[in-house]
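Thanks for coming, everyone. Please have the sequence and the 3D view open. I'll keep this short.

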Amino acid sequence: MNKRVGIRSVWQHNLDSEFALVKDALADYPFVSFETKFPFTLFEVDSPEDQYQIMKDSVNVRNIIQLRLTLSDGDGNLPDFCTDCCYVWEFNFRDFDIYRDFHSEDANAIELLKGQGIDFLRNKAKGILSSDFVTMMLKSRMTQDRRSRLTWVTCPGFYDLGYLIKILHWEELPNDVDSFMKLVDRYLGKRVYEFKSLPERLSLDWFRGRKTILATVKEWVHAHSKDSQKSLKLLAWEPPRDGYFKLNVDGCHRRGLIGAGGVIRDSEGKWIAGFAVNLGKGGVLEAELQGLYHGLKLVVQKGISHVLVESDSEIAIKFLQNPHRLASCPYRDLMSDCLELMQDIGCVPTHVYREKNSVADYLANLSYDLDAGSCKTFEIAPPCVDTELLFDRIGAAQPRLVNVY
């Protein structure tokens, strides 16, 4: 992209119209980088816990001034809205009052911000109410959406994250870094990264081999804990070997309603087919077994013979790997159908953790958008799983504490 980059300056009066543009762009530009401006000089220390404590003490007594938001697609392109310019956003807040919130130790930082063009009096008079900003984020499904496709990127040190989480959570930050990361997961999801210096345009290549902030913090917390019964593992979807395919399936259960979904991919992680099925009312085990049944049927329909099958339901896999337990299964007919398909195909499903099964999870949750009893086959990947597919193909890992036996 050779277009010049323009800055869209956002104030209270144009917050609604600018966020409408952001919301429209998110479907095609799901990589979100952000940085904040605030009245404080940064300090860096070695451990995440010490770094967090310094950040927490600062953020809890200070207010955000500005947040710059950049949206990118997987190739590093920025939204241009069919113009000769591509855009980033600067959200200007009124939270900081230079007369009320001034700290003597912030004098140099404030002068620096003035030199960068911050007009503190204009911010106070015309800036955005942070509560309205949060409302816009919720409406655009940028936050607290477990089906979000977004990947977040910020600078190291927790400061930018701290200010964003503070206004999203509307409370002071918690006492320890582990509790803080739970809030990050709640509001932004697990796919949050930090780079020493943010590139002007993010692309998928930037994420190869990088750990999420959650993974980095969990590693440190676990290394300094006394829990020897747990082991921290970084888990990523693994493609099958050449000439083979992989079927991932999952079930879902929400307020008594169940569904299932799954995906078939080749050794390069390319989409072959997927499905989502709305099963109406039922139980968790039924949903998981139905996911396996519909996935195996799709394998047969596609004429695929060399296939590996994975599910994150340990109980469903145990039933299918031990057919002698058929009599104790409450869904004997369904299980028999699965076993018959397994025999025809020549496969035995294996259990994986949900971190290796995220695309199937997304597809299962799509079932709630279908009519009860209906099944939809996807010959082309639906847009909601594009980002998950990309991250699976580059082997992006998520952390999980597992029992040591």
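I'll go through the aromatic rings, then the cores, then the sheet. Keep in mind that this is a predicted model.

Rings to start with. How many aromatic pairs does a search of the whole structure find? It finds 10. Take F19 and F133, which form an edge-to-face pair. Their centres are 5.6 Å apart, with 65 degrees between the planes. This pair links distant parts of the chain. F19 is in helix α1, residues 15-26. F133 is in helix α5, residues 130-139. That puts them 114 residues apart. Buried or exposed? F19 has a relative accessible area of 3%, so F19 is buried. F133 is at 3% relative accessibility, so F133 is buried as well.

Now look at F81 and Y87. Their ring centres lie 6.2 Å apart. The planes are at 35 degrees, so this pair is tilted. F81 has a relative accessible area of 29%, so F81 counts as partly exposed. Y87 is at 15%, so Y87 counts as buried.

Back to F19 and F133 for a moment. Together with F91 and F93, they form one aromatic cluster.

Some rings have an arginine over the face. R122 lies over the face of W11, 3.9 Å from the ring centre. R265 lies over the face of W237, at 3.9 Å from the ring centre.

One more arginine: R62. Where does R62 lie? In the loop between α2 (48-59) and β3 (66-72). Its relative accessibility is 4%, and under 20% means buried, so R62 is buried. R62 and Y163 are 101 residues apart in sequence. In space, they are 8.9 Å apart, C-alpha to C-alpha.

Next, the cores. The largest nonpolar core has 44 residues. Which of them touch the most other members? L69, F91, F133, M142, W152, L164 and F180. Several elements each supply at least two residues of this core, including α1, β2 (31-37), β4 (85-92) and α5. Also among them are α6 (159-169) and α7 (177-188). Pick out F180 on your screen. Leaving aside residues up to four places away in sequence, F180 touches Y52, M55, F158, L161, G162, I165, L173 and P174. Another core, of 33 residues, lies apart from the largest one. Its members include I264, L279, L285 and Y293.

Last, the sheet. A quick reminder: strands of a sheet pair through backbone hydrogen bonds, either parallel or antiparallel. Here, six strands form an open sheet with mixed pairing. The order is β12-β11-β8-β9-β10-β13. Which strands stand at the edges? β12 (350-351) and β13 (375-378). Each has a single partner strand, so one side of each is left without a neighbour in the sheet.

Now to a pair within the sheet. β8 covers residues 245-254, and β9 covers residues 257-265. They pair in the antiparallel sense over nine bridges. One of the bridge partners to find is L257 in β9, which pairs with R254.

Helices pack here too. Helix α9, residues 284-301, lies across β8, β9, β10 (271-281), β11 (307-311) and β13. It runs at about 150 degrees to β8. Helix α12, residues 358-366, packs on the sheet and touches β8, β9, β10 and β13. The direction of α12 makes about 140 degrees with that of β9.

That's it from me. Questions, please.

Conventions: Residues are numbered from 1 along each chain as its sequence is written. This is a predicted model: local features need pLDDT of at least 70, side-chain atom pairs count only at pLDDT 80 or more; totals for chains, interfaces and linings use all residues. Side-chain values use heavy atoms; hydrogens and water are left out. Rings of Phe, Tyr and Trp (its six-membered ring) pair if their centres lie within 6.5 Å; planes under 30 degrees apart count as stacked, over 60 as edge-to-face and the rest as tilted. Helices (H or I, at least four residues) and strands (E, at least two) are DSSP runs, numbered from the N terminus. Buried means under 20% relative accessible area, exposed over 50%, partly exposed in between (1.4 Å probe, protein chains only). A charge sits over a ring if NZ of Lys or CZ of Arg is within 6 Å of the ring centre and within 35 degrees of the ring normal. Two strands pair if DSSP finds at least two bridges between them. Contact means heavy atoms within 4.5 Å. Axes are lines fitted to C-alpha atoms, for helices over the stretch in contact, and angles run from 0 to 180 degrees between N-to-C directions. A nonpolar core is a set of buried Ala, Val, Leu, Ile, Met, Phe, Trp, Tyr and Cys residues joined through side-chain atoms within 4.5 Å.
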